[in-house]
Each structure stands twice: as structure tokens, then as C-alpha cells.
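User: I would like to learn how to read helix packing and the nonpolar core in a protein model. Could you take me through the ideas one by one, with the case in this structure after each?

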Amino acid sequence: MNAAYLKDAESLVLKLMAIPGVSGRENKVMEYIAGQLHKAGAPKNAVQFDNVHRRGRKGDRSNLPERPGGCCAQIGPVPFSPGGEVGNLVLRLPGTLPGKRRLLMAHVDTVPICEGTRPVRRGRYIVPADKNTGLGADNRAGTAVVLSAALEILRRGLPRPPLTFLWTVQEEIGLRGSRFGRLGLLGNPRLAFNYDGGPASKLTVAATGGYRMDIRVIGRASHAGVSPELGVSAITIASLAIAQLHREGWHGRIEKGNRTGTSNVGVIHGGQATNVVTEEVLLRAEARSHNSTFRRRIIRAIEQAFQKAARSVRNVEGLRGEVQIDGRLDYESFRLRDDEPCVLAAEEAVSECGGTPVRAVSNGGLDANWMTVRGIPTVTLGCGQENVHTTSERLYLDEFRRACRIALRLATGSE
Ligand SMILES: [Zn+2]
């Protein structure tokens, strides 16, 4: 490994961050990656796209972005969305050493706050030139780490075990690339390494599972001054439900015995005028727990609170409102075995590059959730991204360089 490798990686990450490509619009960045791979000598048939963006299913709404600002127009039947410009990109190389196939991967999409970013180097960091945008180090830094390793191996013909490189789309809007991608293209990897946020020595070995709910509360409209007693207020029903969840410890951080999780009613929208008893309120909520049984318990508590609240509010004629709840699993939780080969290999590589490996548990979802649940145990490593999803996002270059060295070791190591 030489200084030129790290220098090239640094200019690569600057170029990658400057390419627009929020979730679903990753075509330009994928074209750039594929172009670099071909230029470095990747055989044409070794580079493939899986068209995951065309594989969304009717009724599956996990591809729809959470709208900032909490507009609820999406609640209710949503037509099938073709979902994005491009699919996941795969590079598969035969090994020159015996050993199990290894996979290095990273998602390439960025969050909307990174649109228009102009990355610049400032001291030991790369930062956005404009203080109103994010940087996109999440996850163009991961993209660059994985691409740098692939290019170095292609250019120098480095000895390696069988290798697969994977760049995924639409991670930020429901881990869609890893959830629906064609794993058949990957060639059955046995050790998998995902590059995403955090320091280079952090190994994420477990992550929570998340569930999202759309809740529609339907009351009865009536003139609030003339005949309020004929109305059933959807706002009253929603308030009672949320109050009960709060009172009974099912909202926010949840601890029941030794089981833990979180929930949040994050969006509430309804009502048009003070002189009308509110007919409809739309809410969006989520529940998370590492324990899928307990996560279902949280979901049930939310459903029960709304149903109970709907039963308890009646108008003068004894009529009630109703609640319709539509939920879906965003991502399933996972925990890698303590002796999982990818974890042990990652720890060794981190140590060899002068770091102290730290095993971590994530309370957010990662591509590794779906990879692991779908049969490819995947450890996630950081590469120096800090303050992601904010305008103070930056990339710490010391950690980024270390991640590049670790990744190249992982890609060229064999057992
Ligand atoms: Zn990310």
C-alpha cells in the first residue's frame, strides 16, 4: 500500500461527493463508478446492474421518502412507484488466492440536505463550502473507500480471494437497494463488509428493527358553534391515544422489564377551521426494538391505544369515529454471532492498521440489516463521516485514510 493510493482515494472522494445523487436519483454517480472500473481494466461482463429500482412491489411503500415537513398526502392508497433511476451496481472478480468470497459494499445515495453540495478540503477535514448544505460523506465516503480498493486491485492486479463489490441505491429511504436487490449476482460471499458512517475502528455488529405506521383517525364533522354535540372530533381521539401511550410508557424510550425499544408519533396533520369539529386526522408513527417480539408488542400498544380512544368518544347520538392503521416493517433487526468470520476479519484488519476495534450496536437501520436477514452476515465499518444528515457534516481525513487501508486489507486478505 502506498501514498499514491491514499492520495487517489482522497481526490476520488472529493469527486464523488460533488456528483448529485439523492436517493432514487443515483444514475450519475453509478455511471461514474462504472466508468472508473472499466478504465481500471474491469472486464465488461464483470460489471452488472441489478435493476432493483424496477422491482418495487404493488402495495410496497417502503420506497417512498419521508417527506420533510410532515405532509400527509401520501397516507392512504399510494399507486405503485417505479422507484428510481438505477439499480445496484455489482463488480465480481475471480480470486487469484484460495479463500472464501469476500464482499465490500456501500450505499451511494445521499439525503436531500446534501443537494448542491460543494465539498472543499479544510485542514484535516472535507467540509461543504456552502453552510446551507450537508456534505454527502454519508455515504460517498463509503462509496470511495470501496471503489478505491476495487481500482487498486484492478490496476495493480493484486493477489486476492474471490471478490464482490456492491454499490447500493436508496438506502436512506428504507434500505431498498439491500432489501430488494438481486443477491444472486453477488456470487455467494461468505464474509461481507459494509462501509457507512462513523470512525474507522467502529464495527457495527447489531442493529435495531423498525416499523412504520400510517394512522388515519376518522371522526364526524359538525358545526363547532351550532351543533358540536353532533360531531366526533378526530383530534380528541388522536390526543387521547397519544396521552395514553405517554402515560403508560409506550411513547419515546420504552423500558418494560428487561425489554427495550422506542416509539414516536412523528407527524400529525388534520383540521381546517376552528368552527368545524375535526373530521379527520392523519398521523405517522414508528416503533423500534432489537427484539422483534417486543417491537410487535409496541406496535400493538399503539394500535390498542388508538382503537380504545376511538371507542371512547361518541356524539350525542352515540355515534363513534374510527381508526384505520396501515403499517409495514422497514427493516428487521440483526445481531451477528460473536465469532462471525467477517467480524473477526474486520477486527484483525483494524488492529493491523493501528486502530482499536470497537463493537457497536446501532439504533438505526443499515443495509447490513437486510443483507444479514437475507443470509449474508454483514459487519459495518465507518470511514470518518461526522454529523451526518446535517449542515455541519464533515469527513475526517485521518479516519477516511485509515478506512481505505483497512478496506484494501479486507479485500486482499484470505484465510
Ligand atoms: Zn449512510
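Analyst: Let us begin with helix axes, which are lines fitted to C-alpha atoms, for helices over the stretch in contact, with angles running from 0 to 180 degrees between N-to-C directions. Helices (H or I, at least four residues) and strands (E, at least two) are DSSP runs, numbered from the N terminus. This is a predicted model, in which local features need pLDDT of at least 70 and side-chain atom pairs count only at pLDDT 80 or more, while totals for chains, interfaces and linings use all residues. Residues are numbered from 1 along each chain as its sequence is written. In the protein chain there are nine helices and 18 strands.

User: At what angle do the axes of α3 and helix α9 cross?

Analyst: The axes of α3 and α9 (residues 397–412) cross at roughly 45 degrees and come within 9 Å. Angles under 35 degrees count as roughly parallel, over 145 as roughly antiparallel, 65 to 115 as roughly perpendicular and the rest as oblique; α3 and α9 are therefore oblique to each other.

User: Which residues of α3 and α9 meet?

Analyst: Two residues are in contact if their C-beta atoms, placed from the backbone, lie within 7 Å. On the α3 side the residues include Ala141, Val145, Val146 and Ala149, and they meet a set in α9 that includes Phe400, Ala403, Cys404 and Ala407.

User: How are α2 and α3 oriented to each other?

Analyst: The axes of helix α2 (residues 27–39) and α3 come within 9 Å and cross at roughly 20 degrees, and α2 and α3 are therefore roughly parallel to each other. Here Ile33, Gln36 and Leu37 in α2 meet Leu147, Ala150, Leu151 and Leu154 in α3.

User: Which residues have the most contacts inside the largest nonpolar core?

Analyst: In soluble globular proteins, nonpolar side chains tend to be buried together. A residue is buried if 20 or more other C-beta atoms lie within 10 Å of its own (exposed if 12 or fewer, partly exposed in between), and a nonpolar core is a set of buried Ala, Val, Leu, Ile, Met, Phe, Trp, Tyr and Cys residues joined through C-beta atoms within 7 Å. The largest core has 83 residues, and those with the most contacts inside it are Val145, Val146, Ala346 and Ala407. Helix α3 (residues 137–156) contributes the largest share of this core, 11 residues. A second, separate core of 28 residues includes Tyr211, Val217, Ala241 and Ala309.

User: What share of the residues counts as buried?

Analyst: Of the 415 residues of the protein chain, 51% count as buried.
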